[in-house]
Structures are given as structure tokens and as C-alpha cells.
Amino acid sequence: MLATILAGLVAAGAAPLAASAAACGAELSPARLDGARVERRDDGTLQVRVPVSGPVADADFDALLASLLPRLGLVGVDLQVVDENGVNLAPPGLAIEALRRLGEEWRANHGGARLSSDSAAAGALRGVRIALSAGHGVDYQAGAWTFQRTLQHDLREDVHTNEIVFRHLAPMLEAAGADVVLVRERSVSPERVVVDNDDGGLAAPYGEIGAWQTGDSPGRGGTYRYAVSAPAATSTATWKLTVSRTDDLPVYAWFLAGANRSAAAQYLVDHAGGVSTLWVDQRSDSSRWRYLGTFPFAAGAPAAVHLLAAGDAGGVVVADAVRLGGGAGFADFGGGVSQHDRWEQGAAAYALEEEVPAPTRAGTNDVTVRPATALWQGASLFVSVHTNAGGGGGTSSFVYSGAVAYPDFDPNRQGRVPPGTLELQETLHQSLVETLRAEWDPAWADRGMYGADFGELRPIAAAWQASADVVVPAVLLEVAFHDDAADSAALREDRFRAVAARAIYRGIVHYVHRDDPGRAVVAPRPPSHLRALLSGPGLALEWAAAVDPVEATAGSESYVVEQSADGRVFVTIASTAGTRLEVGALSTCDTVAFRVIARNAGGTSLPSRPVLVRVNDRGPRVLWVDGERRLNRTALERPDGPHTAARVMSDLRAAAGGALRVDSARAEAVADGSVALRDYAAVVWTTGETSTLDHSLTAEEQAAITGYLGGGGALAISGAELGWDLVANGGAADRAFYRDTLCATYVSDDAGTFRVRAADQAAWLSGFVGATFDDGTGHSYRVDYADVIAPGSGAVAELLYDRGGVAAIRAAGAGRLFYAGFPLETIEADGARAELMRAILAGLLGAAPESPECGLPYGGLAADGGAGDGGGGGGDSDAAAPGSGCDCRSVPLSWPAGAALLPVLAARRRRPSFRAAQV
């Protein structure tokens, strides 16, 4: 529309500008653009006159340009935005003195040795320092702390862009060896622990062994200590850390750098997963929180950071302060603190809290402090991740320019931006569009590559123009449009975020090695088809190499296997070139989780989803099938879940007195026949919120379930989208499966509540008082749309939603079935969830098995206890004749002996439904 208007412009003519072309800024909102006009001036400049008076913030000007340019679709045009009085709205840049200071800081921290560790692969990005900006966040404006972007389609740009960066992009880059610095907080943990060398004395959190001395200069908040390094370390500084909850936490060190400092100061991080060794160049990165890595910490468990005076003789290592975690915001710009978690806050608050020097922050705001921080950190690249608004859909990208519409805005455009900038933009943009078309939507829109006078890019270009050696290619990416229904549905999907992040990471690898493509190796994806099966004298752990549909270099060369006792804290137990590992040294009653990481020359994958086993040499054999393929993320929930395996481990450990033999597998391993359901007395299948986009149950999975129940199996299956997917959006075969195998009728998509209670006719759950599942404030994930169901032929209601409608049913025909329209693992109270699982398993198996003698060496399986061998899956008084489908004769079963009544948890208010925009 705008392109058509502009095509008809004459030199002195003007035309109205559609309000929908604006972004959702506080000053330049669509409503404020009513009456805006566009005019082509005699000098060829395109001028947009906006009906506002006075200056606007950098963030709002940037949002306006980001939204205008893809809509205009122009090339070779100078664009000027003015207010109603003709005054240019582009905010001023930093003063030349500030730019020169930033250049000096960049030189002091750029290049040289970077962070290295004992566990990292060499990686295609080793030695490259990459600064990532996650755009907006809570900022102090006009005397109040506010988000900078509005809530649209259950999304807020301030929130989801940071989740993309810290949950996906930064870990991918670091797994490839990159040294990543952020301009916003990376940890969602409420925990923040700081220990300083001045916290000394008996039983104090800081202590020393060996010859340490106090430095002559001030340290952080007091003094610092130093020791002379030697090949055999005799001096060690230790910071003791205590955390109140189990979590993965970032760890930082503070030191005063100098020319005589060690180029490889050795830090040992003693965490719940073991001890990790890191080497830090203390000749640079002075007086700041130097990120060491993210590690698992367990509540109440001893933890520490040690600094060894080890290395080349004569070098000095400096011990000052150590920090871990994120915590609550504490920046105060004169009106008190924000009362938000730090990860929600913007870059201005982060810079103040991270103690970025005041001269570095001088003259900046929440937009311009992002590139200023990147320069202060000595970054080699700067990538800013945003999403757009104001009409349209798809991906666009931007570099700095006073003129607009790359590639034709300037024949000598290399003179306007640092060398490499345009190549970085082209590589990232093409990787994003290619990947999203291959893995998400073949028609994903390419909105184009542009140059614009963005405040977030201007300081970096200006610093280079002031000092030609300050070369930091900088690109701003608008990944998608959060105000578009289709794009916002994609942005809420965690898989889309991961795909987009991997596309950016992949583009960075190819850019860094553009002159030597043979070294541009992309790390593998996490392994798939993972299964953990008790057999023979031990455990067989198997998996498959993942396939990358767009990157030929991303093959797997070897694997690292990790083990956990709680599903949260993992320890490396083996490395292998194959896709199978035999794990021994197990004892009865052990409940153990495993995950696998793939490696190649480019780096390591992120970990696979965990699988688990419950070790026993007799008793009913149970299989947990992890069928979650989708996680929906909105602005209404914390991004620290879901840890499903940890919850299932806890529940199975508590169920039936521990007398179960439990294997587990990903659903795809059942679908391809790698795991046979018939071998199990009972199967627990979780689908979470997996829905139409990822298929809650594929045709192969449906066939496996139908065959298993028809052969006398016992199945508990739960998920919030089964009815919505199979009935409301499925085909005839899906609907028949839902009716005939799941024995259910689909009623509606949204229960409108988060609370369930036992039905009056409940048998298995007759003693169940009630419980609440996660509304986004818990520690699993928000259940957006719990299915309301009804019993089909031969089925009976077991659970009801507190606002009406059936939440779960049971049925018995050839086999036994329990089906819940919400994910069982999202029940927030641990005790309630465990007791619910205990009752369901007792109902499926017909009786609670005997408790085993724990601690005995595992000697392999006795009789399998599967559905066809008398293991308890099919021969009980509830079952009708084999082949009778859902037709059952129900007999009430008593609540398992010794079960306590479950707590009544208050229901929470339901948010408005946005199902129309969801896939």
C-alpha cells in the first residue's frame, strides 16, 4: 500500500502515511501516527512528517524505522523523519569524547587470550568475543519503571527476545567455543550470591592457603589480594558459596587487570556436577564481572570457586570477588528499585547493576548503552535480536546508515560502516530466512536487508568513524512480527525460538570463517530417539544422531553421556563414538536419568532431553514415554521450566513403595519400533502441550498404543492438546483413535481453570481431594489450554475441573486406560503429584507391588512382566474380554494404603483465551 502511494509522489507532492506502518513504541504508537504524511523533497530525500512535537526516545525512533522500512520496500532513498514542526526526530549521537573513550576501552579488552575450559571442545568460534543484545526490557522512564513494549498475542518483546538470547543463542555460541558477553541478565534465578575477599575471618566465605598479599590499588568495594604464580601451585584463594535452591547458575569473577597478570589464571568451580576448570586472561577485562560459565548448583550443597596461583613462574593472579546467579533488580535511578527480576530489566539497569563505569554509561540511554557496553567489553561482533510490530510478517535485518535501503543506498557504502558489517548482515539474514523456510514455514517472508539510523547501531559505527581501528561489525535482526497472528503463534513456540537461534549461530560461524570455509563447521543438533532400557547385567542406553536439514557440516562425530540422580544436576560418565552405551554398577532402587551431547569439530550440541530408569530386578516393568515435542512460551510465565524428567523421576520413586522397574524412551523410539510397548506391564505417556504443529500422537504412535491396549496393556496418558489436535483438527483416523482407543469424547479446548478434583464416581482416585496445575507461576510450564473431555463408551470420569467438565477418565477393556486432558506432570505440589501417580499405577496394575530390598547390586531382569506374560497389565476383574475395546465393567478400587489426603490448592484466575492465533 505505501509503495503504491510513494510511486505516485511528485517532487512537491505529499500523501498520508497509514498508521499501521508504525511500531508499538510509547511515543510513536500507531494512534500517534494518525495524520502522518510522506513527501519526496527536491533533493530526493523522502520525508515522513509525524504529528508529534519535541524529541522522542531512541527506542521509539528505532521501532518506527524498523517498522517503516520493510513496509516501504524502497531502495536508493534517503529517509528523514521529522516532527510537526519539521525538526529531525533522530536522537543525537554520543559526543566525540565519549566515542574516543569507548574506543580506548575496546582496545584494552579486544583480542588476546580468551576464556577456555577443560570441558569445551575446540569449537569453530574459539577466541571470538560476541556481544549479544536482547533488545528492550523494563526501563525507568518519566519517573516510573515500565516495560518498553505492550502485551500482544500473549507476547511482550521485552521478554521473549531475552529468552531467545539466554535460553538458546548464547548457549549455542558458547558450546562452539565463543566468548559471549550480554547486555542484559542471563539468569532467571532469584538467587544472587556475592563473596568478596574482604569477607575474611574464621568460618568466613573467603579464605586462602599460601602466600597472598594485599594489592596497592583499590579493589571492588575494598581491597584485593594477589599471589605470584608458579608451575606447581602452592597458593589458593577460595570463595565458598551457598545456594537455597537447585538451579543452573552463572558464575562471575572480579579482578583488577594489569600487564603483569597471568594470561591463564586457573579457576576451579566446585559445583553439584563436579569440578570445572577454567583459564582466564587477567591482563584484560579489568574491574568487571567476568563471566566464567553456567554450572549446576544444588540447594544446601557445598560449593566454591578456587583460584590457583598456577602457571608460568612470575605472573600474578588476583583474587577479589566472585558472584553467581541473577536475582532481583536493585538499580535505582532516583525512584526506587524496579521490583522486577533482573532478567526482565533492560540494558540501562543491567549496566548500572553490573557496575559498568559511569563514564562509559554517560550520555547513553537504554538503547545506546547496549552498543556502548559491547565496545567496553571489547567485542568482535555485535548482534541485536528483536521482533517487529506495525504490520507485516517475516524477517528483516538492519545495519547502520543515515540513508536507507541497502543494498543500493550508497555505491561506496563500505565507507559508512565498519568493514565486514554488510557481509555479517547478508550471512545472518540469509541463514535466518533459509532455515525458517526449511524448518518452519516454506513461505516464510523475506522482508529485506536495510540500513537505518538506529540508535542501537549508531555508536558502533560512530566509534569506528572516530577511530578506524575500532572494527565491530554490528547487525540488528527483526526475527519476526510479534503483532502478526501467524508470526506471534510461531514466536510463542520454544522450538521456533531454538530454530531461529540456531540459524543466527550458524550464520555467525559461516561469517567468521568466510575466508576459510573449510573451518566453518557447525556443531550437531542434540541426539534423538533416546531410550534407557534395563536388560542383562546392566542398562543399555541408546540414541540416534540428529539430522540437520540445512547444514551439511553438522554431523555428529562422538558423544558425551551424562548421568543424574535427580534429573537436574548431571555428571559426565562416558564418551563414545557409537550410539549405544552399556551402563553398569547399578543397585536396586536406583533412579537415574541420562542425557547425551553430540560433538564435532565445530563444538558440542545442547543436551538431549533426559531419559530415566528405576532399577529393580523383579516386580512390574513400567515404561515412561516422553512425547513432549512442544513448549509454548508466553509473557505470562517464568522461563525456568519445565524439568519434566526430574518431576517424573520424583513421582516414580515415590510410587508403589519403589517396587517398579522403569525404563524410558522418547516417543520417536516407540514410533520406529526401537522400543516395544508389549514388553511392559504399564506405560506412562506424557505429551505435555504437544499439538497440531508437532503432532500430539503420530500415526505410528497411535498404532503402537492401539496394539498395546488391544493386547492387554495398561496405559496412563496425559496432555493438554490431544483432543484439540486429534479431534478438532485431525483426520478420520485420528478421530477414530480418540474415540475407540482413548475411549473419550472431546468437549472443548479450554477448561478455564487450573484446578482439578476427584469425580463422584472415581474409583482409582476416590480419595483425591484436589490439586492445582501450573498457571505459569509454578516451576514446570503454564498449561494454556487444558482439554475438557467426556467419557466415551465404557469409560468413567475420574477427575473433574473445578468449574465443570471432565478432566480425566478411566476405562478397561482388553487393557486398562487412564487419560487426562491436562499434563499430569504440571501439578505443582510435589506430594499431590506423587500420590496421584501412585494411585494411577495401582489402578493400572491392579494392586500395589511389594517393596523391594534396596541397595542390592543389580543382577539383570527376571521375567519381563510385560502385558502378555502375567505381569499385571491385563488380567484383572475390571477387564472385559480381549478385543472388546472401550467397553468395560468398572469396579471401584480403594485408595492405596497409607496415602494422605492431598492438599487443597487455591485456583488462580484464568487469562483471556487467544486460541484463534495458536497452532
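**A walk through the predicted chain**

The protein chain holds 17 helices and 44 strands. Both are DSSP runs, numbered from the N terminus: helices are H or I with at least four residues, strands are E with at least two. This is a predicted model; local features need pLDDT of at least 70, side-chain atom pairs count only at pLDDT 80 or more, and totals for chains, interfaces and linings use all residues. Residues are numbered from 1 along each chain as its sequence is written, and side-chain values use heavy atoms, with hydrogens and water left out.

Start with the whole chain. It has 919 residues, and 61% of them count as buried. Buried means under 20% relative accessible area, exposed means over 50%, and partly exposed lies in between (1.4 Å probe, protein chains only). The protein chain exposes about 30700 Å², with 53% of that supplied by carbon and sulfur atoms. Such areas come from the Shrake-Rupley method with a 1.4 Å probe; for residues, only the protein chains shown count as cover.

Next, the contacts (heavy atoms within 4.5 Å). Take those in the protein chain with a separation of 6 or more: 76% of them join residues 24 or more positions apart.

Now look at two single residues. Ser287 sits in the loop between strand 17 (274-280) and strand 18 (290-297). Its phi is positive, about 50 degrees, although Ser287 is not a glycine. Ser287 counts as partly exposed because its relative accessibility is 26%.

His529 belongs to strand 26 (residues 528-535). Here too the residue is not glycine, and the phi of His529 is positive, near 55 degrees. With a relative accessible area of 22%, His529 is partly exposed.
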